[in-house]
Amino acid sequence: MRPADRLFQIILMLRHGRIVTARALAEALEVSERTVYRDIADLIRAGAPIDGEAGVGYRLRRGYQVPPLMFTADELAALAIGAKLVRAWTDPALGKAADAAMARIEAVLPRDLEERIAASSRRYLAPDCLQPEPLREPMAALRDGMESGHKVRVAYRRGDGERSERILWPLGLVFWGRCWTLGAWCELRQTFRTFRVDRFAGVELLDARFDDRYGHLWAEYLSRSSEEGENTPPPGVA
């Protein structure tokens, strides 16, 4: 990693305002702590508002604006491939957002780098035949519910064909390679449940709200899923 790239990575790691030790920085950057101390001193001399000291840790004062991003070729290739995966495996609105983001990035790339990334990304395909768009459409309402804290009413078909209507608190989505599942609190069962998104016949965003702004319910769902051994794609029976 070039020294300039390493300095930028340090800024990114400190940007949340939390104290990060020199050891943690050194391990993440795969350099010695001595190198981290030298880099921190260089950043401070350059005007970066970093507080802290050796043996304690460092943090970036709030309000500091990170300089405009400069991507490497591999980083851009990762973004381009990721955009294709988002378009093929998430709801149409998020797919369009991924395309718009890539177009904005490509608009400011040098011509040679733009052509290189285009040539590279053409060799990666993400077919949507395993997850056709109609099966992904419910994800838009589920995302809205997760982000805004609104409950959703869903029409759900279990693996055995039984149908039911439920009020869910959408907590998080998990991608298993061939399907998405929703981790949620189910008001009908009064417990955490897992649902296959491709088995929702309809999703309605409700005015009623739930509070998971700090992710405590999502963390509890993940903890219980781990304890119950749900480390393989669930059958979707909830």
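**Figure 1. Burial and overall dimensions of the protein.** In this predicted model, 37% of the 238 residues of the protein count as buried. The fold contains nine helices and seven strands. Along the principal axes, the C-alpha atoms fill a box of roughly 65 × 45 × 35 Å. The radius of gyration is 22 Å, whereas a compact globule of 238 residues would have a value near 18 Å. Among contacts between residues at least 6 apart in sequence, 61% join residues at least 24 apart.

**Figure 2. Surface and charges of the protein.** The accessible surface comes to about 14,400 Å². Carbon and sulfur atoms account for 51% of that surface. The protein carries 35 positive and 34 negative charges.

**Figure 3. The salt bridge between Asp39 and Arg6.** A search of the whole structure gives 15 salt bridges, and one of them is shown here. Asp39 pairs with Arg6, and their closest N and O atoms are 2.5 Å apart. Asp39 belongs to helix α3 (residues 33-45) and Arg6 to helix α1 (residues 3-14), so the pair ties together parts that are 33 residues apart in sequence.

**Figure 4. The salt bridge between Glu162 and Arg158.** The closest N and O atoms of this pair are 3.5 Å apart. Glu162 has a relative accessible area of 41% and is partly exposed.

Figure 5. Arg213 forms a salt bridge with Asp211, with 3.0 Å between the closest N and O atoms. Arg213 is exposed, its relative accessible area being 63%. Asp211 is partly exposed, with a relative accessible area of 41%.

Figure 6. Helix α8 covers residues 138-148. Which of its residues are buried? The buried residues of helix α8 are Pro138, Met139, Ala141, Leu142, Arg143 and Gly145. Just after α8 comes Gly149, where phi is positive, at about 75°.

**Figure 7. Arg224 in helix α9.** Helix α9 spans residues 216-227 and includes Arg224. Arg224 is partly exposed, at a relative accessible area of 33%. Which residues does Arg224 contact once its neighbours within four places in sequence are left aside? The contacts are with Thr191 and Phe192. Arg224 and Phe192 are 32 residues apart along the chain, and 8.5 Å separates their C-alpha atoms.

**Figure 8. Asp74 in helix α4.** Asp74 is part of helix α4, which runs over residues 73-89. Its relative accessibility is 63%, and Asp74 counts as exposed. Asp74 and Leu113 lie 39 residues apart in sequence. In space, the C-alpha atoms of Asp74 and Leu113 are 11 Å apart.

**Figure 9. Glu30, a residue other than glycine with a positive phi.** The phi angle of Glu30 is near 60°. Where in the chain is Glu30 placed? Glu30 sits in the loop between α2 (22-29) and α3. With 74% relative accessibility, Glu30 counts as exposed.

**Figure 10. Gln190, in the loop between β5 and β6.** Strand β5 covers 180-186 and strand β6 covers 191-196, and Gln190 is placed in the loop between them. Phi of Gln190 is near 55°, which is a positive value in a residue other than glycine. Gln190 has a relative accessibility of 51%. Exposed means over 50%, so Gln190 counts as exposed.

Definitions and conventions
Residues are numbered from 1 along each chain as its sequence is written. This is a predicted model: local features need pLDDT of at least 70, side-chain atom pairs count only at pLDDT 80 or more; totals for chains, interfaces and linings use all residues. Side-chain values use heavy atoms; hydrogens and water are left out. A salt bridge is a side-chain nitrogen of Lys or Arg within 4 Å of a carboxyl oxygen of Asp or Glu. Helices (H or I, at least four residues) and strands (E, at least two) are DSSP runs, numbered from the N terminus. Buried means under 20% relative accessible area, exposed over 50%, partly exposed in between (1.4 Å probe, protein chains only). The radius of gyration is taken over C-alpha atoms; the globule rule is 2.2 Å times the number of residues to the power 0.38. Contact means heavy atoms within 4.5 Å. Accessible areas come from the Shrake-Rupley method with a 1.4 Å probe; for residues, only the protein chains shown count as cover. Lys and Arg count as positive and Asp and Glu as negative; His and the chain ends are not counted. The place of a charge is taken as NZ of Lys, CZ of Arg, CG of Asp or CD of Glu.
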